[in-house]
Amino acid sequence: MTPRLPRRLPAEWEPQAALLLAWPHESTDWASSLNAIEPVYVNLVAATAAVQPVWLLCQDSAHIKHVDQLLQTAAVDSANVRCIAIPYNDTWIRDYGPLAVANGQDWRWLDFQFDGWGGKFAAELDNQVNRQLAATGFFDSNKVDSLKVTLEGGSIDTDGAGSLLTTDCCLLGASRNAGMKRADWEQLFAEQFGCDRILWLEAGYLSGDDTDGHVDTLARFCSIDTIAYAGAGSDKSDPNHAELSRMAEQIRGLRQRNGKPYQLIELPSAGALQSADGDWLPASYANFIIINKRVLIPQYAVPADVEALQQLQSAFPDREIIGIDARAMLAQGGALHCATMQLAKEALI
């Protein structure tokens with residue numbers, strides 16, 4: 001067995017100091033739908049601030065005042081909300097936010113490159129956010145490691161004990177880090193995250209997904225021995241059915257470090273959802289967020305919403321499961337997990 005390495009990427013269910021978000025504004029792709037998306041962010045912040053701090057990136061001081069007013073009107077616990085003026089291109093901070101890694105008794109903040117999912121969207125401001133947070137004192141700048149590799153937070157998921165889930169279609173695609181092979185990624189994950197077991201999903205994709213197959217829309221660790229995954233559903237005409245069926249077969253073959261099968265939770269399919277223009281939308285209940293004492297799960301106003309809540313409650317019996325209407329988020333191709341990044345508690349002590 002490979003010796004365990006001193007670095008450790010914590011699991012999402014471990015204690016958090018705060019949840020980091022970037023609020024939509026007029027210079028983002030939300031410009032034409034702010035009236036629809038801002039209530040989603042209000043609900044998301046309210047559900048989180050009730051149990052832990054929230055850090056909100058805002059475009060500037062005027063934007064902070066606007067967001068403050070929205071939260072005050074909704075009676076959100078302001079004591080747990082901290083607004084930070086840093087410019088950014090996009091709100092999907094899961095993919096460019098900092099990754100906290102334990103390094104023995106110390107902690108490091110990893111700042112990977114972000115290029116707008118292979119150059120699909122502008123990202124020059126997003127790619128500076130972590131260094132800006134350090135420069136303004138929110139992180140210790142001496143503990144920030146800026147890496148040359150492009151890696152998005154939504155493309156990986158870990159159990160905090162050396163196992164990591166990811167997908168071939170994203171990391172081995174030609175749109176970023178062309179030429180990197182599995183062995184290259186596995187070496188990087190071992191060196192930077194202390195992960196010595198990489199579980200590669202070779203199947204699984206959602207129509208309309210701009211990320212080229214991020215694992216956080218497909219399969220997630222709920223504990224060291226449990227994985228929840230996006231089910232294919234029974235409708236074979238669903239454009240995702242074939243790929244998700246192939247993925248489910250592979251997931252059933254995954255094994256824990258001790259050789260035993262994982263306990264599996266098949267999340268329901270939300271169905272083949274489309275935008276007003278007829279574009280397929282990548283709706284997935286796997287895009288949930290684990291925070292202190294709670295799990296927040298996207299809802300799409302379809303019958304499967306109730307089953308998804310029940311399924312996740314079985315995975316997290318000691319946490320409150322709260323549904324957040326994510327339809328406005330889905331219109332831009334993401335949901336709750338894509339819009340957030342947890343900050344490990346010990347990393348900010």
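This is a predicted model: local features need pLDDT of at least 70, side-chain atom pairs count only at pLDDT 80 or more; totals for chains, interfaces and linings use all residues.
Let me start with a definition: a residue is called buried when its relative accessible area is under 20%, exposed when that area is over 50%, and partly exposed in between, with a 1.4 Å probe and only the protein chains taken into account. Trp117, for example, has a relative accessible area of 4%, and therefore it is buried.

Residues are numbered from 1 along each chain as its sequence is written, and side-chain values use heavy atoms, with hydrogens and water left out.

Let me stay with Trp117 and turn to the aromatic rings. Rings of Phe, Tyr and Trp (for Trp, the six-membered ring) count as a pair if their centres lie within 6.5 Å, and a pair is stacked if the planes are under 30 degrees apart, edge-to-face if they are over 60, and tilted otherwise. By this rule there are 14 aromatic pairs. One of them joins Trp117 and Phe121, with 5.8 Å from centre to centre and 85 degrees between the planes, which is edge-to-face. Phe121, at a relative accessible area of 31%, is partly exposed.

Why is the pair of Phe221 and Tyr262 called tilted? The ring centres are 6.0 Å apart and the planes stand at 55 degrees, so the pair falls into the tilted class. This pair links distant parts of the chain, since Phe221 is in strand S11 and Tyr262 is in the loop between helix H7 (241-252) and strand S13 (263-267), 41 residues apart; helices here are DSSP runs of H or I with at least four residues, strands are runs of E with at least two, and both are numbered from the N terminus. Both partners are buried, Phe221 at 1% relative accessibility and Tyr262 at 7%.

What else does Phe221 touch, leaving out residues up to four places away in sequence? Its contacts (heavy atoms within 4.5 Å) include Trp13, Asp157, Leu165, Leu199, Ile227 and Ile290, besides Tyr262. Gly118, by comparison, is 103 residues from Phe221 in sequence and 26 Å from it in space, C-alpha to C-alpha.

Ring pairs also link Trp55, Trp109, Phe138 and Phe139 into a cluster. Over the ring of Trp55 sits the charged end of Arg82, 5.7 Å from the ring centre, where "over" requires NZ of Lys or CZ of Arg to be within 6 Å of the ring centre and within 35 degrees of the ring normal.

Now to helix H6, where Gln192 lies. Gln192 is buried, with a relative accessible area of 16%, and its side chain is joined to that of Arg7 by a polar contact of 3.0 Å. A polar contact is a pair of N or O atoms within 3.5 Å; within protein, one must be able to donate a hydrogen and the other to accept it, and residues adjacent in sequence count only if both atoms are side-chain atoms.

Finally, two loop residues other than glycine have a positive phi. Asn177, in the loop between helix H5 (168-171) and helix H6 (182-193), has a phi near 55 degrees and is buried at 17%. Asp212, in the loop between strand S10 (197-201) and strand S11 (219-223), has a phi of about 65 degrees and is partly exposed at 21%.
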